[in-house]
Amino acid sequence: IARDARVEGLDADGSPAVRPIQEYLDDPAGLLIHTISIPHPDAPCVAVKESRSQLALPVVSAAVGIHGDRSSRRIIVAAGCVAGRTIRLSAVEDLLAIPGDPPDRSALEAAIAGSVSPREDILGSTEYKRYINATRIADAAYQALELAGLSSGGSGADASDGTGGKA
């Protein structure tokens, strides 16, 4: 999703079809996929996964893709483990796409926390999952912006507690 992938295949009537992967995930019915293409393989994309051990299910699974430049940028933030399926965090994308310097860390983390609705389970409470998703997705966003040359690296990527945003 974060890399702007497209699926190619055949519709139920046999006609060729090309759809953005997000559109396919929203409505997968009636498409036989034969190709998945990534049109911008060189665009910066940072993926994060957080779990309690290497074998455990993740509590964070997200990717941030940057398309464009400082004056015209499009950012895709996709997150798993926070809903029934992978979702885009549109409010976060809008905040990150504002021209100029990236938002400060507290504003970005608040936007992320407000965009996710993780369920409490054996892997953690809703509050813990909201916190860890906000922290790790913010880390990924700042890293992606830096890779794209849209940030100097000092735009909040390091938490004020000196842990670099990692708990």
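Start by selecting Ser106, Ala110 and Gly114: these exposed residues sit on the face of helix H3 that is turned away from its buried side. Here "exposed" means over 50% relative accessible area, "buried" means under 20%, and "partly exposed" is in between (1.4 Å probe, protein chains only). Helices (H or I, at least four residues) and strands (E, at least two) are DSSP runs, numbered from the N terminus.

A quick word on what you're looking at: this is a predicted model, where local features need pLDDT of at least 70, side-chain atom pairs count only at pLDDT 80 or more, and totals for chains, interfaces and linings use all residues. Residues are numbered from 1 along each chain as its sequence is written, and side-chain values use heavy atoms, with hydrogens and water left out.

Which residues of H3 are buried? Select Arg105, Leu108, Ala111 and Ile112 in this helix, which covers residues 105–115. Now look down the axis of H3: its buried residues fall within an arc of 135° (taken from the directions from the helix axis to the C-beta atoms), so they line one face of the helix. Those buried residues pack against helix H2 (90–97) and helix H4 (126–147), with contact meaning heavy atoms within 4.5 Å.

Next, follow H4. This helix has 22 residues and reaches 31 Å from its first C-alpha to its last, close to the 32 Å expected at 1.5 Å a residue; that expected span is 1.5 Å times one less than the number of residues. After H4 comes Gly149, whose phi is positive, near 75°.

Now for a sheet. Show S2, S1 and S3: these 3 strands form an open sheet in the order S2-S1-S3, with antiparallel pairing. Strand S2 (16–20) and strand S3 (31–37) stand at the edges with a single partner strand each, so one side of each has no neighbour in the sheet. Neighbouring strands here are turned by 30° against each other on average, direction ignored (axes are lines fitted to C-alpha atoms, for helices over the stretch in contact, and angles run from 0 to 180 degrees between N-to-C directions). Two strands pair if DSSP finds at least two bridges between them, and S1 (residues 6–11) pairs with S3 over 6 bridges. Click on Asp11 and you'll find Leu31 of S3 opposite.

While you're there, pick Pro16 in strand S2. Is Pro16 buried or exposed? Pro16 is exposed, at a relative accessible area of 72%. Leaving out residues up to four places away in sequence, Pro16 touches Gly9 and Leu10.

Moving on, select strand S5 (residues 60–68), which is mostly covered, with 7 of its 9 residues buried. S5 pairs in the antiparallel sense with strand S4 (residues 45–50) over 6 bridges, and with strand S6 (residues 73–80) over 8 bridges. Val60 in S5 is the bridge partner of Glu50, while Gly68 stands opposite Arg73 in S6. S5 and S6 form a hairpin with 4 residues between them.

Last stop: backbone angles. Most residues other than glycine have a negative phi. Asp4, though not a glycine, has a positive phi of about 65°; Asp4 lies in the segment before S1 and counts as buried at 15% relative accessibility. Cys81 also has a positive phi of about 65°, and Cys81 sits in the loop between S6 and strand S7 (87–88). Cys81 counts as partly exposed, at 28% relative accessibility.
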